[in-house]
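Subject: Structure for you to look over

Dear colleague,

I am passing on the structure below, followed by notes on what was found in it. Please read them with the model open beside you.

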Amino acid sequence: MCRATIFVTGGAGFVGSHTVLVLLNAGYEVVVVDSLINAVPDKDGFLPESLRRVQELTGKSLTFYKVDLLDKEGLENIFCKHKLEYVIHFAALKAVGESCQIPLDYYHNNISGTISLLEVMKKFNVKKIIFSSSATVYGVPQYLPLDEKHPVGTNCTNPYGRTKYFIEEILRDISVAEKRWSIILLRYFNPVGAHESGQIGEDPQGIPNNLMPYISQVAVGRRCEVQVFGKDFRTPDGTGIRDYIHVLDLAEGHVAALKKLDDTKGCMVYNLGTGKGQTVLEVIRAFEEATGIKIPHCTVGRRAGDVDILCADPTLAEKELSWKAKRSLVQMCQFNFHCSFKVIVYYKKKSAYRHKKIRYFNSYNC
């Protein structure tokens, strides 16, 4: 039986590449578009390195186009070539701190790019979409854990979160105006970890924006110590609490939502998280337990836009999507470390031309 063809935007990124892997393993045909703003090509300059490795891991092929969502003509050419049935939309700039520094870039890229995508979808009568949203739309929590009925938008603490909220509102308006659209919004929390092979994961160039890759880089000796941003949060140990979810659990959640789209009319929203938060210091201790490596750390000032606690109530996703996060924090740490260790091995093998190769590594291909 022929399986549906899924159009994945931003599919070369961290969450996107793992979702593409799960889609391929589930038997779907996958067409990926990515501008490579958060990913880089393989040594032949054709596929992103992350997707080349996804093909190796699955033994299956995908179709890739280097196209920016703002390039509407480029998108239309892709839709002309393929019978696309569903869209999973990841493509976005995504760093909270950076969004506070260059907000116009975030509004233009994330919102205008999404509008361009939706206009092309409408033109080609493709009206089933999963939007990769974020827990940042909840802003400062009014109660915890955060369920899907919690107010959104009014207390967003950074431009990145507001772009996600505005896109959610655009999608809601479309679902009201045009009844044939099927839309699922997935608000997910902090994705970490890597594929168990260590071949794809998260290993940023420069200073990591996220905790787990920062810890991993300290563990393998690429950085001296972890910077803990703030020790005055209203939490048991003074460091921020987040709901960390394994990236493969998150990827499987997107595929579970894909199966739900056929039964969905209008717009539905689901949290994807574990329902249990950990402080920064608890994550550091879990990493030490998982790897046996002591992680030195120091406290620095808080970042703009950070809130004390973000923790999901994933009950609705478990009930309606038959999905539940199943991988532990220790597993997240183990797989993340495995990926970072693979980077070190790679560089040692390629040391003769390390400086030529280093630009071909970023946070989305370990």
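This is a predicted model: local features need pLDDT of at least 70, side-chain atom pairs count only at pLDDT 80 or more; totals for chains, interfaces and linings use all residues.

Residues are numbered from 1 along each chain as its sequence is written, and side-chain values use heavy atoms, with hydrogens and water left out.

Two strands are taken to pair if DSSP finds at least two bridges between them. On that basis there is an open sheet of 3 strands in the order S12-S9-S14, with mixed pairing; its edge strands, each pairing on one side only, are S12 (278-279) and S14 (309-310). Strand S9 (residues 241-242) is joined to S12 by 2 bridges, and these two strands run antiparallel.

Helix H6 (residues 159-177) has 19 residues and reaches 27 Å from its first C-alpha to its last, close to the 27 Å expected, where the expected span is 1.5 Å times one less than the number of residues.

Rings of Phe, Tyr and Trp (its six-membered ring) pair if their centres lie within 6.5 Å, and planes under 30 degrees apart count as stacked, over 60 as edge-to-face and the rest as tilted. By this rule there are 5 aromatic pairs. In one of them, the ring centres of Tyr107 and Phe166 are 6.3 Å apart and the planes lie at 35°, so the pair is tilted; this pair links helix H5, which holds Tyr107, to helix H6, which holds Phe166, across 59 residues of the chain. Tyr107 is partly exposed at 25% relative accessible area, and Phe166 is likewise partly exposed at 34%.

The rings of Phe287 and Phe337 have centres 6.1 Å apart and planes at 85°, so that pair is edge-to-face. Phe287 lies in helix H9 (residues 280-291) and Phe337 in helix H11 (residues 329-349), 50 residues apart. Phe287 is buried, with a relative accessible area of 0%, and the other buried residues of H9 include Val283, Ile284 and Glu288. Just after H9, Gly292 takes a positive phi of about 75°. Elsewhere, ring pairs link Phe7, Phe79 and Phe124 into a cluster.

Finally, His195 lies in the loop between strand S7 (190-192) and helix H7 (211-219), and is buried with a relative accessible area of 11%. Its contacts (heavy atoms within 4.5 Å), not counting residues up to four places away in sequence, are His18, Leu21, Leu57, Ile200, Leu248 and Phe335.

How values were computed:
Helices (H or I, at least four residues) and strands (E, at least two) are DSSP runs, numbered from the N terminus. Buried means under 20% relative accessible area, exposed over 50%, partly exposed in between (1.4 Å probe, protein chains only).
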